[in-house]
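The sequence and the model are shown first, and the description follows.

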Amino acid sequence: MPSYKAPLDDVLFLINDVFPLDGYNHLDAFAEVTPELAGAVLTEAARITEEAFAPLNATGDRQGCRRDSAGSVRTPEGFAEAYGAFVKGGWVGLATPPDYGGQGLPYTFAAIVNEFASSANMALAMYPGLTQGAIAAILLHGTAEQKALYLPPMVSGAWTGTMNLTEPQCGTDLGLIRTKAERKGDGTYAITGTKIFISAGEHDLAGNIVHLVLARVEGAPSGTKGLSLFIVPKFMAANGGVRGARNRVSCGSIEDKMGIHGNATCVMNYEGATGWLLGEENRGLNAMFTMMNEARLGVGIQGLALSEVAYQNAATYARERLQGRALTGAAFPAQAADPIIVHPDVRRTLLSIKAFNAAARALVVWTSLKADVARQATDEAERQAAEDHLGLLTPVIKGVLTDIGFDNTVKAQQMFGGHGYIVETGVEQFVRDARIAMLYEGANGIQAIDLVGRKLPRDAGRAMLAFFAEVSGFLKENAAHDGVQPYVAGMKTALDHLQDASMWFMRNALGKPDNAGAGSTDYMHLFGLVALGYMSLRIAKAAADKLAAARAANDDSATGPMEARLTTTRFFMERMLPETAVRLNRVTAGAEGIMAMPAEMF
Amino acid sequence: MKLLVCVKRVVDFNVKIRVKPDGSGVELANIKMSMNPFDEIAVEEAVRLKEQGKVTEIVAVSIGPQQAGETIRTALAMGADRGILVKTDATVEPLAVAKILAKVVEQEKPDLVIMGKQAIDDDANQTGQMLAALLGWPQGTFAFKVAVGEGSIDVTREVDGGLQTVGLKLPAIVTTDLRLNEPRYASLPNIMKAKKKPLDETSPETLGIDVSPRLKVIKTVEPGGRKAGVKVGSVAELVQKLKVEAGVL
């Protein structure tokens, strides 16, 4: 049976030492936040996810969701109770405004709790996760009546939410949407069509399900410019969280899929269901996109979350599994064999996951803080800079954290040898669950194109240039800092590679878009390496400072974790960051060699 | 009715205890600390009694270093109304704890005191009993179930032979056993509210209690590892070994 401990120490180190939260006191969400409150909130989040979510992960995977002939869906045993505990604790509304019953805490906290919950039980964590996404959309685009009607029961978790985009003929290309909306004359619309791959579309955890549905109003233009977003509740809603008559929306079937078995992936049939317009007609995609950044960030976090839980179990196994002897002679002669963690190659594997997890978690926290600034800052320049950062880093976090997160679950599985292939060991589930994060919420190839084609050139490269300036500014400022100094040259080289690749696109891709397409995935990973490298250095800087303070105070007990953080950064810099050279070479190879192959010769 | 609940900050139950290299005690620096699980049960019971309308105010008290304030905050987040931290960095033994609590009881005048039957760090299982003796109050230890009546309380106790119910006149002392209840998760709104609940600080000196140790720790050692067992060939051999080698028959 796999186990999970939330990485509380790492998270508290990030928000207390690397990105101290008192730098955000000017935002409403941080007004009451102190290190003690953050500690109390995240400690309890760790507890509920470890104790209530994690024990149901393997059983939920084996049981899966079941749909009966009437179209009702039952979630695995225990899910309703665990979700109930999460709701009772008020966790769904962690970061939503108090006006609708939320706690008004930073989005950053919600992102951290999302990591814990997804590590513990990704399939279960998705139910409240999707609700939070739907809440965000209604908050931004809903009328006062819509907010009063839907938000309180959704924020409490009594009702859940979904996003309905995909149709059988339409995945990435939303312009192909066929679901139609007919005006009924009373301000409402009749929604008709079929949506597929709807996560949490039907289940038994909540009293009502609020679907947000993209559809085309009759007579609207074709393509994405004719899409509108609708609120379509499973039961008609009345104020005070009261539910009325059943709406004409039903679950036609649930998918039999590779992973996240505990989450119901539904075909949803809308047969003249009553819908209410959310936002403006024909501006539906716009309404969807405003929440896309946070939703994609959430999926990136799933990649990190699976990498973390897989790592924890692999590290424990490597310390316990006795097999063979250390290359330098028996490390534990009294035992029949040494634990496999004595082997350099095992350590290399584990450290590559550990170094990624530490840096990726920092990247998530740093970017989530920018999301908080983008939500609440009153200074326009500050808000815009945060928005730029969020736009630029979102495809990087989504694409890179889920690509590497999946790779890491496979590496962790490898530590178990043949036992990793056995279901009972539990690690193969992490591999299967992690796989979906590379696919949904925009497949990773799409993230790469979004980065190269949309995010880089936007506003004459303002966001990109600001990022480069931040990293090179940090390197200048800390060139002599104990924790950073050994890696300044290497980090500079990596940043040069990223800048060279960006320049290459500017010179070679504007007239030849295939050059951008052919290099986009490598570019995204090059960007990810630089961003993660920068995070590793931020960690090393804070760790070196703490280490010096601990030594000055003769506090031996505090030195170990800080030394481990420095060793982790060293690994990233020596063995992971150098990959930027390869990525740059691939980018500058251009599209010719790829496009030269005739389609029929594949 | 006013209730006093006592909570102790101890090494978290998940942490693997390590003895300090010099054998003077166990390693506490940079170790995760939490509320004693038996005390968590005590807080839960107090909150349930308040929810049932039997109790009007819950005061949580802890004795220990500044960080014991966090343990009180946890109790406040579970539903206690205010806290008292008796701050000391000294090692306090059960008798000193009981004397401090007796003083706090004198000031607060609760009708009921609930605490864990023991703390999982030193497993002394003495404080509740000593407090009852110092105050001259009745005690219901190892509580499995409590029922509050008018000016009285029935405490069903876990004893070796099963369960025993005692009727106590209030004010009284109750110490909790594992099966009394299952403590709740603190809710997010209550964690936020706990921040604003009053937490007073005092010290053993202010209360006039001498906490100097009366016991001397000679040394602390880790338990020896489990030794390999042997297979026996027959029941007769087993009985023989139990008689001769183990000396238990």
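Predicted model: local features only at pLDDT ≥ 70, side-chain atom pairs only at ≥ 80, totals over all residues.

**Domains of chain A**

Chain A is divided into four parts: domain 1 (8-144), domain 2 (161-282), domain 3 (288-455) and domain 4 (458-593). Taken over C-alpha atoms, the centres of domain 2 of chain A and domain 3 of chain A are separated by 32 Å. Eleven residues from domain 2 of chain A and eight residues from domain 3 of chain A take part in the contact between them.

Within domain 2 of chain A, the residues that lose the most area to domain 3 of chain A are Met163(A), Met258(A) and Ile260(A), together 55% of what that side buries. Between these two domains there are zero salt bridges, while two residue pairs are in polar contact. On the side of domain 2 of chain A that touches domain 3 of chain A, β3 (159-164) and β6 (208-217) of chain A each supply at least two residues. The residues of that side comprise seven nonpolar, four polar and no charged.

**The interface of chain A and chain B**

The contact between the chains draws on 22 residues from chain A and 15 residues from chain B.

| Parts | Buried area | Share from carbon and sulfur atoms |
|---|---|---|
| Domain 2 of chain A and domain 3 of chain A | about 810 Å² | 81% |
| Chain A and chain B | about 1,600 Å² | 60% |

Glu32(A), Arg47(A) and Gln103(A) supply 30% of the area that chain A buries against chain B, more than any other three residues. There are two salt bridges between chain A and chain B. In one of them, Arg47(A) pairs with Glu40(B), the closest N and O atoms being 3.9 Å apart. Five residue pairs are in polar contact across the interface of chain A and chain B.

Helices α2 (35-53), α4 (79-88) and α15 (556-576) of chain A each supply at least two residues of the side of chain A that touches chain B. Of the elements on that side, α2(A) gives the most, with eight residues. By class, the side of chain A that touches chain B has ten nonpolar, five polar and seven charged residues.

Key: Residues numbered from 1 in each chain as written. Chains lettered and ligands numbered in written order. Heavy atoms only, no water. Domains from an automatic or database assignment. Contact = heavy atoms within 4.5 Å. Buried area = accessible area lost by both parts, 1.4 Å probe. Salt bridge = Lys/Arg side-chain N within 4 Å of Asp/Glu carboxyl O. Polar contact = N/O pair within 3.5 Å; in protein donor to acceptor, adjacent residues only side chain to side chain. Helix = DSSP H or I, 4+ residues; strand = E, 2+ residues; numbered from the N terminus. Nonpolar A, V, L, I, M, F, W, Y, C, P; charged D, E, K, R; others polar.
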